[in-house]
Amino acid sequence: MTPTRTHKVYAIERGTVIDHIPSPLAMKVVEILGVHQEGILTVGINFKSEKLGSKDIVKVENLKLTAAVTDRLALVAPTATINIIEDGKVVEKRQIKVPREFKGMLRCPNPNCVTNVEGVETHFVREGDQAKPGVRCHYCERLYKEPSELVV
Ligand SMILES: [Zn+2]
C-alpha cells in the first residue's frame with residue numbers, strides 16, 4: 001500500500017478530528033460522542049506523541065461538537081485538541097478548556113450524597129489546573145481526582 005492510499009483511509013473531507021487524546025482514552029471519547037453520529041468514525045490508538053508519549057486520535061465525519069459534549073471531553077481528555085475540517089482542510093483549531101462548573105453531567109460516586117439520595121441535579125466545581133483537573137461535589141464536598149470516571 002502506498003503512503004497516499006494509507007492517508008486516504010484516514011482523511012476526512014468534513015467533520016471533526018480530536019487529537020492529543022491521552023492513550024488509552026479514545027474509546028471513552030467515542031462513548032461521550034455517542035454512536036448515533038452520521039458518517040464514518042475512525043479511532044486511532046497509540047500514536048507516538050512528543051507531548052504525551054502516546055496519544056489517540058478520533059475522527060468523525062460530519063460531526064459538530066456541542067458545548068455539552070466539549071465539556072465532557074474536557075474532563076476525559078483535557079490535553080485534546082479539536083480540529084474542524086472542511087473540504088479536506090483544517091479550518092479551525094480549538095484548544096479544549098475545562099469549564100469551572102459542571103451541572104447535571106457528572107454523577108457523584110458518594111451514595112449518601114443528596115444528588116443520589118434525593119435526585120438533586122449534580123453540581124461540581126473544578127479544582128486544580130487545566131491539564132489535570134479534579135472536581136469537587138458542590139453538595140457533599142468530596143474531591144474527585146479522576147473526574148473522567150464520573151462522566152455519565
Ligand atoms: Zn456529592
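A salt bridge here is a side-chain nitrogen of Lys or Arg within 4 Å of a carboxyl oxygen of Asp or Glu. This is a predicted model, in which local features need pLDDT of at least 70 and side-chain atom pairs count only at pLDDT 80 or more, while totals for chains, interfaces and linings use all residues. Residues are numbered from 1 along each chain as its sequence is written, and side-chain values use heavy atoms, with hydrogens and water left out.

**View 1. Where domain 1 meets domain 2.** An automatic or database domain assignment sets the bounds: domain 1 covers 3-95 and domain 2 covers 101-150. Between the two domains, the count of salt bridges is zero. About 700 Å² is buried between them, 74% of it on carbon and sulfur atoms; buried area is the accessible area (1.4 Å probe) that two parts lose on being put together, summed over both. On the domain 1 side, look for Arg72, Leu75 and Pro78, which lose the most area to domain 2 and together make up 66% of what that side buries.

View 2. Cys113 is buried at 1% relative accessibility, whereas Cys140 is partly exposed at 24% (buried means under 20% relative accessible area, exposed over 50%, partly exposed in between; 1.4 Å probe, protein chains only).

Conventions. Contact means heavy atoms within 4.5 Å.
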